[in-house]
Amino acid sequence: MSNHLFAEIRSRIADPSKTFLETEAGRAISFADMLALSAQYANALTGLGVQAGDRVAVQVEKTPEALMLYLGTVRAGAVFLPLNTAYTAAEIDYFVSDAEPAVLVCDPGKQDALQATADKVGAKLQTLDASGQGSLSTLAGNAAAEFEDVARLDDDLAAILYTSGTTGRSKGAMLSHENLASNARTLVEYWRFTADDVLLHALPIFHTHGLFVATNVTLFAGGSMLFLPKFDLDAVLRLLPRASSMMGVPTFYTRLLGAEAFTRDLVKHMRLFISGSAPLSAETHKEFSERTGHAILERYGMTETNMNTSNPYEGERRAGTVGHHLPGVGLRIADPVTGREVPDGDVGIIEVKGPNVFQGYWRMPEKTAEEFRADGFFITGDMGRIDEKGYVQIVGRSKDLIISGGFNIYPAEVETAIDEIQGVAESAVIGVPHPDFGEGVVAVIACRAGSALSEDEVIAELKDKLARFKQPKKVVFLDALPRNTMGKIQKVALRETYKDALAG
Ligand code: AMP
């Protein structure tokens, strides 16, 4: 028996001397180095007592060592549990108490604050800093560069990723070896990744996008990546000429468009730009293709499911849509209450089923059961429809749906209408309590640099575009919309800030 995920990564290495990862400073890690380094981390972990099925919780900066730790954890048969670097010690305490890892790895600067948390669950506390140094890298450095991978089956866990938890407690999504492997296999084919690809990697690696989509696809394709610690506009502009592909959140692309140096010439050699994790506006899609000649390929997925849909590699990449269900992934649009499929073109909740879909929430069997239908479809919580060309369109999270005077309002529809107004950079539409209608629409708008709009002007522009009940009852202007590190607009925070905006 082999280690399901790592055996496949290993079997796909055609040329061990080829570069797998390169940092901006020019440090190169070949596939052979990757095997040796990840073996050292696997040895370091087993030396600390880590056994198959144990969790290894990790809150560290993005470094090649952190990635080797991910692979070493998988090889040791353990479960990788990455944590957002922005989480406070109090938040980490919740995750660690819930997941009870055998090892907790943190930045040396957080060691004192987290010692008691680690002690409480009997986790060994280790460090790794932003330059890849720390007690764990020392242990790894002294360990053997060979490791016999611990046997793991396809449905054994490889990772637990806590969802961002915008409502209630954050839940640990359990991902199996085959959840990750099947998705990487599919995406390599669908997006035509090969050993010739050089992926510009500027995403965080505590999230499914940078950790699994970007890294596993590169590993499975035998390609290489230019590995940046974070999205830095100047560094991205400098490295783009050496890349063939890039994966990003929409804000990467809007920031590139804001740079004069981002020209058609700079990216004429590029093969593919991919966007996901948050909606890419049709406006950005259009502006990007006008500027560069490249149609951004938008895809849709989530922590629990890996990737579900994608625009096609060949054929129309339709702005404002997330494309078609991926091969092997079942997708349907269902009535949120009855669970029955809605007629073609109607809005409903997106449900998916396939080898990509997670194994449930860690230690929350009831919560898990609530989110699956009897026939195994997972209820994503995203509302969407299938358009006339068969492309999936997302209209928002079901929690963000606004019900005003008994009518459903999908924020995405109102946002699209607002974004078309001259001078608007971006918008977020939320529902807040309204004394007569239950909820009313509030529009939060950021204007383009040098533009100014008034509430009356916005409302006048929307008058003939949207039914009256969908029109904002209040318009608020901000310099920029609040977003998390993955570029998602923080609607929960906006609802809280403006909860009294329509009172009285
Ligand atoms: P996460 O689990 O952090 O990856 O967040 C997943 C959620 O991000 C999904 O359930 C969607 O609400 C949203 N999302 C991901 N990709 C897209 C996309 N291309 N367009 C719109 N929303 C997206």
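**Cavities, a pocket and a ligand**

Biologist: How do the residues of the lining of the second largest cavity divide into nonpolar, polar and charged?

Modeller: The classes are simple: Ala, Val, Leu, Ile, Met, Phe, Trp, Tyr, Cys and Pro are nonpolar, Asp, Glu, Lys and Arg are charged, and the others, Gly among them, are polar. Leu-180, Asn-183, Ala-184, Leu-187, Phe-212, Val-213, Asn-216 and Asn-306 line the second largest cavity. Its lining comes to five nonpolar, three polar and no charged residues.

Biologist: Before we go on, what pLDDT do local features need here?

Modeller: Residues are numbered from 1 along each chain as its sequence is written, and side-chain values use heavy atoms, with hydrogens and water left out. This is a predicted model, where totals for chains, interfaces and linings use all residues, side-chain atom pairs count only at pLDDT 80 or more, and local features need pLDDT of at least 70.

Biologist: Which helix gives the most to the lining of the second largest cavity?

Modeller: Helices (H or I, at least four residues) and strands (E, at least two) are DSSP runs, numbered from the N terminus. Helix 7 (177-190) and helix 8 (208-221) each bring at least two lining residues. The top contributor, with four residues, is helix 7.

Biologist: Which residues are closest to the centre of the second largest pocket?

Modeller: A pocket is an open set of points with protein on both sides within 12 Å along at least five of seven lines. The second largest pocket has about 420 Å³ of space. Of its 23 lining residues, the closest to the centre are Pro-204, Phe-206, Lys-230, Phe-231 and Thr-485.

Biologist: On to the ligand: which residues are closest?

Modeller: A residue belongs to the surroundings if one of its heavy atoms lies within 4 Å of the molecule. By that test 16 residues surround the ligand, and the closest are His-207, Arg-299, Thr-303, Asp-382 and Lys-488.

Biologist: How far is an oxygen atom of the ligand from an N or O atom in the side chain of Thr-303?

Modeller: A polar contact here is a pair of N or O atoms within 3.5 Å. A ligand oxygen is 2.9 Å from a side-chain N or O atom of His-207, and a polar side-chain atom of Arg-397 also lies 2.9 Å from an oxygen of the ligand. For Thr-303 the distance is 2.6 Å.

Biologist: What share of the area that the ligand exposes alone does the protein bury?

Modeller: Areas come from the Shrake-Rupley method with a 1.4 Å probe. Taken alone, the ligand exposes 490 Å², and the protein buries 91%.

Biologist: Which element gives the most to the shell around the ligand?

Modeller: Two elements supply two or more shell residues, strand 13 (297-302) and strand 19 (392-397). By class, the shell splits into six nonpolar, five polar and five charged residues. The most, five residues, comes from strand 13.

Biologist: Why does Arg-363 count as partly exposed?

Modeller: Arg-363 sits in the loop between strand 17 (348-353) and helix 12 (365-370), with a positive phi near 55 degrees, although not a glycine. Buried means under 20% relative accessible area and exposed over 50%, with partly exposed in between (1.4 Å probe, protein chains only). Arg-363 is partly exposed because its relative accessible area is 48%.

Biologist: Is Leu-161 buried or exposed?

Modeller: Leu-161 lies in strand 7 (157-162). Its C-alpha is 5.4 Å from that of Gly-172, eleven residues away along the chain. With a relative accessible area of 2%, Leu-161 is buried.

Definitions and conventions: On a 1 Å grid over the protein atoms alone, a cavity is a set of points where a 1.4 Å probe fits but cannot get out, and a pocket is an open set with protein on both sides within 12 Å along at least five of seven lines; lining residues have an atom within 4 Å of a point. Grid points are joined across faces, edges and corners, and a volume is the space filled by probe spheres set on the points. A polar contact is a pair of N or O atoms within 3.5 Å; within protein, one must be able to donate a hydrogen and the other to accept it, and residues adjacent in sequence count only if both atoms are side-chain atoms.
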